[in-house]
Structures are given as structure tokens and as C-alpha cells.
Amino acid sequence: MNTLKALGFSILGLLCFSHLRAQTFEAVDTLSVSGIENVSMKWVDLNNNLLYDLILYGNDSLGNGALQVYLNEGEGKFTKQTPTLPDVKIWQLQPIDYDRDGTIDLAFSGVVNGADSVVSVLLSRENFTFELLPTPVLNGPVEAFQFIDLNYDTVNDLLIARQNDEDSIELKVLKGTAPGFEDLMIEFPPFERGTFFTLDIDSDARKDLLLSGFRQGQSFTRLYKNNGIFEFVDSANFGFEYEQIVQESDTSFFVAVDHKVEAIALGEYDGNRRPDLFVRGKSSTGEDLNVLYRNNGGRIVAERDSMLSNYKIQASHMADFDSDGKTDLWVSASRNDSTFVFWYNDLNAFTEAEPVYRDSLLLTEFADWDLDFNLDFVELRQSLHGLKLVFFENMADSVNKGPSLPFPQVAVQTGSGEVKIRWQPAIDSLTSSSSLSYDVLLVDADTTALFESNMSTKSFGLQQPYHGSVLYGDYLTVNNLASGDYLFLVRGVDNAYNAYDGGGMGGLQLFRFAICNGDLVRTSAELCPGSPEVFGEEGVERNWYSNNYGALGQIDLLSYSATTSDILYGTVVSAEDCGSGQLVYTITTKPLDRLSDDIEGIVQVCEESEITYEVPATWTNVVWSSVAFGTVGEGSSLTFDVTQADTISIVAANEFGCFDRAESVIAFFDPQVSDTLITISPGESADITAFGGQAYEWSPAGEFDDPFSHMQTVSPGETMDYQVLIKNEAGCERLFNIRVEVAQLGGVANLFSPNGDSRNDQFFLQLSTVPATIDFRVYARSGGLIYQELDAARAVSEGWDGTHNGEKMPPGVYYWRVEGRYSDGRPVLLNGKKSGKINLVR
């Protein structure tokens with residue numbers, strides 16, 4: 001392959017205008033295309049190496065059929081292969097493992113031998129050669145076809161749309177049988193210029209039919225629900241809420257819906273496990289009509305109508321393009337002979353997209369062709385020198401790896417030759433579980449595929465980049481199975497078409513089940529609700545499934561608890577154990593009164609006290625227990641001394657022998673405050689908090705902005721007491737006192753100089769609060785009293801001036817002593833003590 005390093009083509013700058021977060025695609029390689037015209041293309045893993053190959057089909061310059069394969073050899077290398085074909089011209093192609101050998105074949109409608117219109121199959125053989133099916137499946141031209149197992153009997157059926165004698169198009173359902181295909185003569189309304197689509201619209205693992213076209217000059221679309229036995233119910237008109245449908249006399253529903261569907265992009269973006277749709281089509285007047293439909297489960301409604309009304313849409317695709325787990329929409333459209341693409345990121349949070357110009361774009365197909373878990377794509381373009389393929393690699397930083405394997409997953413026999421496969425949801429690191437689709441592989445003992453899976457029986461890899469074969473459901477029912485051993489595997493597929501790979505080729509293991517002849521062994525079982533019961537036979541391994549709980553796992557003995565009526569299936573995993581029977585239990589539950597009806601769930605207790613519990617005498621084997629003290633009594637009543645918060649449990653049997661359990665929580669009223677004594681410095685504030693109640697009342701009320709809040713902030717100037725009354729809804733109350741002490745600071749200097757310079761001339765007291773009483777004295781070294789002050793205010797403001805009886809005292813050391821108390825009774829301290837010394841200097 002020629003790597004265009006000089007090309008340096010990146011659409012990162014262009015994508016910035018389309019509101020894509022962390023989205024980067026780079027054109028990394030190109031290949032010239034020759035020898036083929038009127039091209040269509042598809043990604044398919046043709047050789048089971050887990051890498052998607054690219055198929056181009058059309059015709060050559062002489063009008064003969066042409067098929068080209070671009071073999072993906074890994075590491076971005078594609079090698080062109082031109083298989084030798086019989087004389088075949090392909091109009092429509094369906095990759096499918098027609099002969100169930102684990103390799104993709106190519107079913108097609110077209111022309112063979114230059115003249116005969118057929119539906120036939122090119123069977124894949126070694127070295128990318130194809131062998132034409134010896135006898136066509138169907139002779140004559142068709143407008144559209146699809147091989148699909150409509151009744152899930154392991155045999156492919158055939159849907160065709162073909163023109164009748166009145167130049168109208170009719171839909172035919174051909175049932176697949178061993179000899180061939182049988183027309184079931186199911187009547188659908190004929191139409192002009194239309195087609196059909198298959199999709200599981202309600203996620204019940206059955207492919208429904210969407211029929212769309214023109215009828216009597218009016219566009220219409222009708223949805224037919226598949227009930228699994230070749231009965232298709234005209235359930236609703238596409239795009240209309242069900243209440244708007246009017247029933248006609250022929251018991252079918254028909255209201256002209258002004259939307260002829262031409263193409264559908266399918267995905268799930270709103271989290272309800274139903275496929276949502278972007279539909280390209282036309283109105284009755286021939287105008288382009290493009291609509292985003294949200295599938296609400298009960299109805300399909302237009303969420304965004306007339307999208308890109310000024311453009312002619314060529315193609316659309318719904319998937320996760322930017323590896324964030326959300327479902328996006330890509331659209332290519334043309335206007336004024338120019339082609340544009342639109343990227344709508346995360347449809348559930350819809351925002352408009354800007355057009356990005358794409359020169360000479362013809363076709364686009366998406367696949368993770370480099371196997372890095374991010375969705376890439378290829379474009380077919382028309383250049384001056386002919387056609388070329390441009391390969392774009394997704395350079396997103398994030399990686400959208402496949403979801404986990406659904407577990408448990410089980411298969412149980414539900415009837416003669418019938419199996420139901422059921423699984424629990426898979427988990428993905430990015431994609432919501434509701435947006436995960438599922439693919440089911442079902443094979444016989446010879447590993448021959450029995451159901452149209454997207455998984456190869458040879459590599460277990462996905463053969464095409466698409467959603468899982470059963471879309472967003474969580475079960476699949478298959479019938480017409482002979483007795484014997486079977487294998488199956490269910491894999492979740494995210495919205496970038498990634499699946500759990502088990503660590504690579506051969507890393508996945510299939511699960512087993514058996515189909516047995518004869519009737520199912522049906523047993524009725526009446527159980528006590530919530531009481532475990534053991535089912536099965538030791539040593540006989542079975543798949544277990546419950547109608548209520550889904551897949552329960554694979555084990556010999558199942559411990560099962562019923563809460564309501566149920567049906568429980570136990571299917572042997574090996575045909576050797578068919579003699580033990582395929583078990584079906586019809587579960588009913590015995591009546592069970594609830595102890596919780598007789599026991600109060602929460603009991604409020606204000607203080608240590610005695611409480612009494614009592615239940616009716618119809619309850620037997622009554623045992624009472626306490627979390628704190630263990631078993632505390634037996635019998636229908638209990639008297640209990642409450643000293644703390646606790647939980648009382650009762651276990652008892654009703655008249656039918658069914659045990660029940662109830663609890664009573666003893667809510668012991670135990671309110672608290674953050675602290676009962678808080679000390680702060682003058683000028684500081686304190687947070688005081690009460691908790692453990694439903695109501696609070698603080699006093700003195702005038703001290704608080706909101707006296708009923710559980711938390712208060714106070715800033716007293718002096719020590720103060722606050723009270724809070726805490727109450728609960730049961731009427732319990734408790735009063736707390738919280739004292740906030742304001743620390744009284746006092747001190748004196750150790751030196752002063754009374755020399756008349758107005759600096760440090762007095763020896764006075766430094767107090768944060770004036771005390772109630774004080775006796776401050778200064779003594780000479782000889783012990784004589786030379787100064788005394790009993791007025792606290794003067795002691796603070798004036799102090800000793802260094803004289804005695806008007807005479808200046810000489811320099812030296814003098815001694816002081818203080819006695820006194822503040823208004824709250826605390827003693828006056830200076831420098832933390834009652835006595836000290838002072839130096840007098842001059």
C-alpha cells in the first residue's frame with residue numbers, strides 16, 4: 001500500500017466546526033481503484049482473522065459484474081484481491097454465512113449468464129475464491145431481498161419485494177425448508193416505488209417488518225410486528241403515536257403517513273433498550289424528508305423532523321464515533337453539486353451540526369479496521385484520475401473497549417425442541433448498559449451454526465461491523481432443535497461495534513446445554529416467600545432460569561427463594577443426563593402475614609424505661625433478640641428494659657409454617673452539645689452546637705439572631721452561660737447549659753523609669769477587664785509598704801509613679817503583690833501570679 005505521508009491530510013480542523021469533542025480522524029492511506037464502476041462497498045471479515053476486509057462490487061467498463069476485495073493484513077496494510085467470478089452481475093449484496101461453515105458468503109440479487117435474473121449465493125472458498133450456488137435460490141428479478149430466520153427454527157427464510165402483474169411491488173415471505181423455499185402467501189398491501197426493512201422494534205428478539213413506499217400516489221409506512229410463527233400484526237403506523245391510529249373495517253390499521261422511508265440508520269441513544277432511528281425518505285410531494293425518531297417502547301415518535309431539509313442525504317450512520325460511549329449520528333448530504341458531512345455528537349443531548357465540505361465523496365463505510373477499539377472509516381472518492389479509497393484512522397485519545405461478557409448466561413429447554421437463551425446485562429466502561437446490543441452464537445455438537453449470528457464459528461470474531469444479532473433484548477428463543485448437545489455464547493456489543501474478545505482468537509469458551517426427547521418434567525412447588533429451597537439433583541449439572549429473575553447460572557443444586565409466583569427451568573448441560581429429565585417447576589407462594597404489621601418499626605424512648613412488644617398468638621416459634629444483648633426472649637410477647645439505643649428482632653412462623661422476620665429500632669433519645677465549657681480570649685467568638693433532636697430553643701433569646709437553629713456563634717464580652725432545650729418528635733426534651741468563659745488577661749511590666757520624659761513613667765496594671773475588687777501593693781526591699789491602691793480603675797489608669805510620701809524612691813528592685821477578684825469570682829493574676837518584682841531605673 002502507498003502511504004501518503006506527503007498528503008498529510010487531516011480533517012481535525014474541519015471537525016472542530018461540527019462540535020465533536022476529542023474527535024480526530026486522519027486520512028492515513030489511499031489506494032487507486034480501477035476496473036470497476038457503479039460501486040457499492042461493505043466491510044466483512046472474509047478470512048476469520050478478526051480484521052475487517054473491504055468488498056467493492058459493481059460492474060466493469062463492459063457492463064460485466066465486478067468484485068474486488070481489499071484484504072486487511074493488519075497494521076494498516078490492505079492488499080487488493082480480484083476474485084475470479086462466474087458470469088455474475090450483482091445488484092444487491094447480503095454478506096451471510098449461508099452454508100453455516102463459519103465463513104461469510106455473498107448472497108446477492110442480480111444477473112447470471114448475462115440474462116437470468118436471480119437471487120443466489122456466492123459461496124466462499126479458499127484463497128478468496130467464490131463458487132456460485134449450483135441452483136439459484138429464486139429465479140426472476142426482485143426489487144429487494146433478505147435471508148433471515150423469521151420463525152427462529154434454525155433455517156433461513158427469504159423476504160423479497162418484487163413487481164407483480166399490476167406493476168405494483170409486493171412483499172413475499174418464503175419459508176425456508178429442507179427442499180427449498182415455500183411461499184406462505186402472506187398478504188401485505190401492494191405499493192409502488194418502495195421497499196422493506198427488518199428490525200426488532202420492541203427488543204423481543206423477533207425481527208419485525210417495516211414496509212414503506214407509495215400507494216395511490218400517497219407515501220405511507222406501516223410496521224408489522226412479528227409474533228414468531230409467520231404472523232405479522234399491523235401494529236402501528238411508523239412515526240405516529242399509537243393513540244392516533246384509526247382501525248378500518250378490514251381490521252388492519254392504515255393511516256396515510258407522509259413519509260416514504262428510503263434508508264434507516266439504527267442505534268440506541270435514550271437509554272430504554274429500544275432501537276432509535278434516523279430515517280431518510282420523501283413526502284408525498286416528493287420532497288426530501290429526514291427525521292430522527294425516538295423509540296419510546298410503546299410508540300415511535302418524531303423527535304427531530306425535517307433535518308437538513310435543504311440537503312439531499314446520501315447516507316447516514318448511527319454509532320459512537322468519538323469513543324465516549326455516547327451514540328452519535330453521521331450524515332453525508334449534497335447541495336448544489338457539493339458534498340458535505342455532518343457529525344451530531346451524543347444524540348441524547350442533541351445539538352445542531354455544521355456542514356463539513358467533502359470533495360468528490362461517493363461512499364463512506366465505518367469499521368474498526370485497525371482493531372484499536374475506535375471506529376474508523378473509508379471513503380470512496382471520484383478524482384480526476386478515477387476512483388480512489390481514502391482510509392481514515394480514528395486518533396481519539398480514549399479507547400472504547402468492548403463490554404464484559406454477560407454473566408450469567410444460560411440456555412434452558414422450554415418445550416419440544418425449543419430452547420430459551422437468557423443473559424444478564426453486560427457492563428461497559430463507557431457505553432451505558434441500556435445501549436449495548438447482543439450477539440448470540442448457537443451451534444450443534446459439530447459446531448455448525450444454527451442461528452444467524454454475527455459471530456464466526458471459526459474465530460468467534462464479529463464478521464461485520466454492526467450491532468448484535470438480537471439488538472437490545474436479553475433473551476432469544478429458538479425452536480426445531482433435535483435432541484443432543486449444543487453450545488452457545490452471548491456477547492455484548494457496544495455502540496462502536498466492539499465486543500469482548502476473551503483475550504484474542506480462541507480465548508472465548510462456549511456454554512453447554514442439551515435438548516432431550518420426551519416431555520418436560522413438570523412439577524408444582526408451593527414455597528414460603530423469602531425462604532430458600534434447593535432444587536435439582538446432586539451431580540447433575542443444569543442451566544437454571546427463572547421467569548422472574550432471568551439467568552440464575554449453571555450448577556447442579558440451586559438454592560432458590562421465591563417472592564411471588566414464578567416458573568423455574570432446570571436444563572441438563574449434557575445429553576447423557578437426559579434421563580434425569582428437563583425440569584420445569586411451577587412456583588406458587590404460601591400466604592404470609594407480615595410481622596412488620598404487628599411490630600412498630602421505630603420506637604422513641606426518652607430515657608431508661610421498660611417497653612413491651614406483642615404479636616398475635618397465631619405466630620409460633622417466636623424468638624426475640626437484641627443487637628446489644630443477643631436472645632432476650634421467646635413467646636408472643638416481650639418486656640424489655642431499655643438502657644441504650646438498640647434494635648429488637650423477631651423471627652416467627654405463621655400458621656402455614658412460613659417464617660418471617662421483623663425489626664424494631666429503639667431510638668434512645670440521647671441529644672448532645674458540642675461542649676459544655678468553652679474558653680475564649682477577649683474579642684474572640686465561639687461556635688456552640690446542639691444535635692440529636694428535631695427542634696432546638698436557645699436562651700437568652702435576645703443573644704441570638706435565630707434562637708431555633710442547632711448551631712450558634714457567640715461573642716460575649718465576659719463569661720456567660722447559654723441554655724439550649726433539645727426536643728424530638730416523640731416529645732422528649734433535654735436542657736443543656738453551655739458556659740463560654742472569656743479569659744481575663746492581667747500583667748505588669750518588670751521595669752519602669754519615672755524620670756519625667758513621659759515614657760514608661762508609671763508602674764500600672766494591664767488588665768483586659770476591670771475586676772470587682774483589688775488590693776495592689778508595692779514593697780521596698782526592707783519590707784516596708786511604699787504604695788497601695790484599692791481602686792481598680794486608678795490601678796489601671798494611673799499606677800505607682802515611683803514616689804513615697806512625695807519623695808522620689810531610689811533606683812533598685814521593689815516587690816509587688818495583688819489580691820482581688822473578677823465579677824465571676826475568679827482571682828486577679830498578674831503575669832499569671834499574685835506577686836513579683838519590678839526594677840525602678842532613673
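This report describes the confidence, domains, disulfides and selected local features of a predicted protein model.

## Basis and confidence

The model is predicted: local features need pLDDT of at least 70, side-chain atom pairs count only at pLDDT 80 or more, and totals for chains, interfaces and linings use all residues. Residues are numbered from 1 along each chain as its sequence is written, and side-chain values use heavy atoms, with hydrogens and water left out.

The average pLDDT (the predictor's confidence in each residue, from 0 to 100) is 88 for the protein, and 94% of the residues score at least 70. Residues 1-22 have a pLDDT below 50, and this stretch makes 48 contacts in the model beyond near neighbours in sequence; a contact means heavy atoms within 4.5 Å. Over residues 239-256 the pLDDT also stays under 50, and the model has 33 contacts beyond four places in sequence for them. Where pLDDT is low, the predicted coordinates should not be read in detail.

## Domains

The protein is divided into domain 1 (401-590), domain 2 (597-668), domain 3 (672-742) and domain 4 (746-837), with bounds that come from an automatic or database domain assignment. Between the C-alpha centres of domain 2 and domain 3 the distance is 37 Å.

## A hairpin and a buried alanine

Strands β4 (residues 65-72) and β5 (residues 78-81) pair in the antiparallel sense over 4 bridges. Strands are DSSP runs (E, at least two residues; helices are H or I, at least four), numbered from the N terminus, and two strands pair if DSSP finds at least two bridges between them. Asn72 has Phe78 in β5 as its bridge partner. The two strands β4 and β5 form a hairpin with 5 residues between them, and Gly74 in the turn has a positive phi of about 90 degrees.

Ala353 is placed in the loop between β25 (338-344) and β26 (356-357). With a relative accessible area of 10%, Ala353 is buried; buried means under 20% relative accessible area, exposed over 50%, and partly exposed in between (1.4 Å probe, protein chains only). The C-alpha atom of Ala353 is separated by 72 Å from that of Gly635, 282 residues apart along the chain.

## Disulfides

A disulfide is a covalent bond between the sulfur atoms of two cysteines. Under the rule that a pair of cysteine sulfur atoms lies within 2.5 Å, the count comes to 3 disulfides. With bonded cysteines counted along the chain, the disulfides follow the pattern 1-3, 2-5, 4-6.

Cys516 and Cys578 are joined with their sulfur atoms 1.9 Å apart. This pair links distant parts of the chain, 62 residues apart: Cys516 is in the loop between β35 (511-515) and β36 (521-527), and Cys578 in the loop between β41 (566-572) and β42 (583-589). The torsion about the S-S bond of Cys516 and Cys578 is about -80 degrees, so this disulfide is left-handed. Cys516 is buried at 6% relative accessibility, whereas Cys578 is partly exposed at 24%.

The sulfur atoms of Cys528 and Cys658 are 2.1 Å apart in their disulfide. Cys528 is buried at 12% relative accessibility, and Cys658 is buried at 0%. In the disulfide of Cys606 and Cys732, the sulfur atoms are 1.6 Å apart, and the link is left-handed, with -80 degrees about the S-S bond. Cys606 is partly exposed at 32% relative accessibility, while Cys732 is buried at 2%.
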